[in-house]
Structures are given as C-alpha cells and as structure tokens.
Amino acid sequence: MPDQSQPILSVKNMSVQFPTLSGVVTAVKNVSFTVGREKVGIIGESGSGKSTTGRAIMRLQPATAKMVADEIRFEDIDLMRASEADMRSIRGRRISMILQDPKYSLNPVMTVGEQIAETVILHERVGRREARARTLAMLERVNIRDPERVFDLYPHEVSGGMGQRIMISMMLISSPSLIIADEPTSALDVTVRQQVLSILDDLITERNIGLVFISHDLNLVKSFCDRVIIMYAGRIVEELEAAKLEEATHPYTRGLLQALPSLDHPRDRLEVLRRDPSWAEA
Ligand SMILES: Nc1ncnc2c1ncn2[C@@H]1O[C@H](COP(=O)(O)OP(=O)(O)O)[C@@H](O)[C@H]1O
Ligand SMILES: [Mg+2]
C-alpha cells in the first residue's frame, strides 16, 4: 500500500528540448512540481509546453527529443531510471492518459467494448466473460445507459461526448493512481463538457487518484481543479490553489485573469495580454 501522504508524482528540474531545422527548441525549461491525490491544472497558452510536460512524464517523446530531470518520481519508481519495459507496464496501467480526441486513442477496427475488455484481460489476466462483465459495469459507471449496445459500437459510431466517456472507462478500468488528461474536453460543447467533467471528477475522488489536467481554459481549470500551475514559454511562472487564483502575483497570470470575461465586470472586448520578455528568462 503506497504512503497516502506522499505525493504520487514528483518532478524536479525537468527540461525537454527538440532539435528542429531552425535550431533547438526548449519546449520545457526546468519545471518542478508535485501531484498528490488532487486535481492539478496546468494552464498556459498554445505552445507553452503543457503537452510536452504531460508526455515527458510518460516518457513518450520522439526519439530525437532530449529530456533531462533531476528526478521524476512516480510512487516508488524513478521514471528517469525505469527501463523501457518497465515504462510499458506503467503506461496505461498505473499512469493513464486521456487526450483531446478519443478517435486518436481508440483502435478504429475494434468495437469499443472489445478494446476495453482487452485492456482488462491484458492488465488483470482475467477470462473473456469476466472482462466483458467488468467492461459493461465500467460503461455504466460513466453513465452509459445501454452498455450492451455501446459495447458493440465502433469508435466512428460514437459521439464526441460518448467517445470521451468511453476513453475515461478505458483509462480508469486498470485502476491507475495517476491520470494525465490533455485538453480532454476541449473538443466538446459546453453541456456535454460538464457531464464528462463531473464523471471524471466523481471517479477521481472515489478512487483517490491524482489528476494532471492540461488546459488552455483558465475558467475551466479554476472551477474544476484544486491547484493550478501556470506555464509560460516552457516555464512554470506561478503555482496557486485554485481558490486563491485571484491572489496571483505574476503579471502573466494577472493578465490571464483580467482577460476573462466576468458577469460582475462586463467589458466590451477582451484585453490583449501584454508580454514581457523577462518572463521567459531564467
Ligand atoms: N515533436 C516536436 N518537435 C519539435 N518541436 C516540438 C515538438 N513537440 C512540441 N514542440 C514544440 O514545443 C513547444 C511546446 O509545445 P507543446 O508542449 O505542444 O505546447 P502546448 O501543449 O502548451 O500547446 C512548442 O514550441 C512546440 O512547437
Ligand atoms: Mg497541447
């Protein structure tokens, strides 16, 4: 039984670089953070290094990428030192990833039920009948009312919201202790988004797991997460409890907050963020 008071994930001084035709891009610069049994949002504009951070934790980088870190400790494992075989058994089983578009994560030629059942068989070594029963129960858990019918659908036959609920079932059925969700609801419309988030929230709380929630939507992260990490140009510029976001001091975070439309302070147009080159420096 892992120590419940210890963070699930602890990242120390992680950097990721990509060689490109126009030179080396440092996508992530010296980031350090921890994730406990809580929902941690990573927020920042496009290109700020959020997805690279998420993938680096899973060690899912292109072979040409250069990644360094003093430590990436997940539970009792130093992921920087884990073998590729160890990483394969950790991915999907102990750390799961939910991406924006389930179509990229699901196999198009297999029914969604078969895919979830395969995951159960692979990770739990149970028989087909048991795997099917577990899959149907999990589909019901994500509020799919007719799991028997949905079991036999192919990924292209399901709507965006249902696809994301299916992804959540697939990613949670192996009981991971950490989930990295990269813009999981960005492709969904607002009402469906709320349903998907509330299912994710229930499962995370009920199973006491950690969530890294990557988003460019500050309003969403503010209401959904416990803690918020703000990234700018590959760095973490600020880290705050979501409830204390209004107390942010970094000018970039302040700019993001001021750019949010608010019912109390309606404005005619959104403010354009002013940037300072010093934010991107060491
Ligand atoms: N495979 C890659 N090769 C080269 N550059 C990359 C690669 N992946 C990401 N980058 C660059 O790294 C930076 C951060 O990207 P990313 O992590 O995707 O940002 P975000 O998710 O915040 O939008 C960007 O400048 C992006 O162009
Ligand atoms: Mg991204």
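**View 1. Threonine 52 meets ligand 1.** A polar side-chain atom of threonine 52 lies 2.5 Å from an oxygen atom of ligand 1; a polar contact here is a pair of N or O atoms within 3.5 Å, and within protein one must be able to donate a hydrogen and the other to accept it, with residues adjacent in sequence counting only if both atoms are side-chain atoms. On its own, ligand 1 exposes 560 Å², and the protein buries 65% of that (accessible areas come from the Shrake-Rupley method with a 1.4 Å probe, and for residues only the protein chains shown count as cover). This is a predicted model, where local features need pLDDT of at least 70, side-chain atom pairs count only at pLDDT 80 or more, and totals for chains, interfaces and linings use all residues. Residues are numbered from 1 along each chain as its sequence is written, chains are lettered from A and ligands numbered from 1 in the order in which they are written, and side-chain values use heavy atoms, leaving out hydrogens and water.

**View 2. The shell around ligand 1.** Count the residues around ligand 1 and you get 13, the closest being Gly47, Gly49, Lys50, Ser51 and Thr52 (near means that a heavy atom of the residue lies within 4 Å). Serine 51 uses its side chain instead, placing an N or O atom 2.8 Å from a ligand oxygen. Two elements, β1 (9–20) and α1 (50–57), each give two or more residues to this shell, and α1 has the largest share, with 4 residues. Helices (H or I, at least four residues) and strands (E, at least two) are DSSP runs, numbered from the N terminus. By type, the shell splits into 3 nonpolar, 7 polar and 3 charged residues; Ala, Val, Leu, Ile, Met, Phe, Trp, Tyr, Cys and Pro count as nonpolar, Asp, Glu, Lys and Arg as charged, and the others, Gly among them, as polar.

**View 3. Threonine 52 from the protein side.** Threonine 52 sits in helix α1. With a relative accessible area of 9%, threonine 52 is buried (buried is under 20%, exposed over 50%, and partly exposed in between, with a 1.4 Å probe and protein chains only). Leaving aside neighbours within four places in sequence, threonine 52 is in contact with Val16, Phe18, Ala27, Val28 and Gln61, where contact means heavy atoms within 4.5 Å.

**View 4. Methionine 231 in strand β10.** Look for methionine 231 in β10, residues 227–232. Threonine 205 is 26 residues away along the chain, and the two C-alpha atoms are separated by 26 Å.

View 5. Asparagine 13 isn't a glycine, yet its phi is positive, at about 50°. Asparagine 13 lies in strand β1 and, at 30% relative accessibility, is partly exposed. Asparagine 143, also not a glycine, has a positive phi near 65°. Asparagine 143 belongs to the loop between α5 (128–141) and α6 (147–151), and its relative accessible area of 49% makes it partly exposed.
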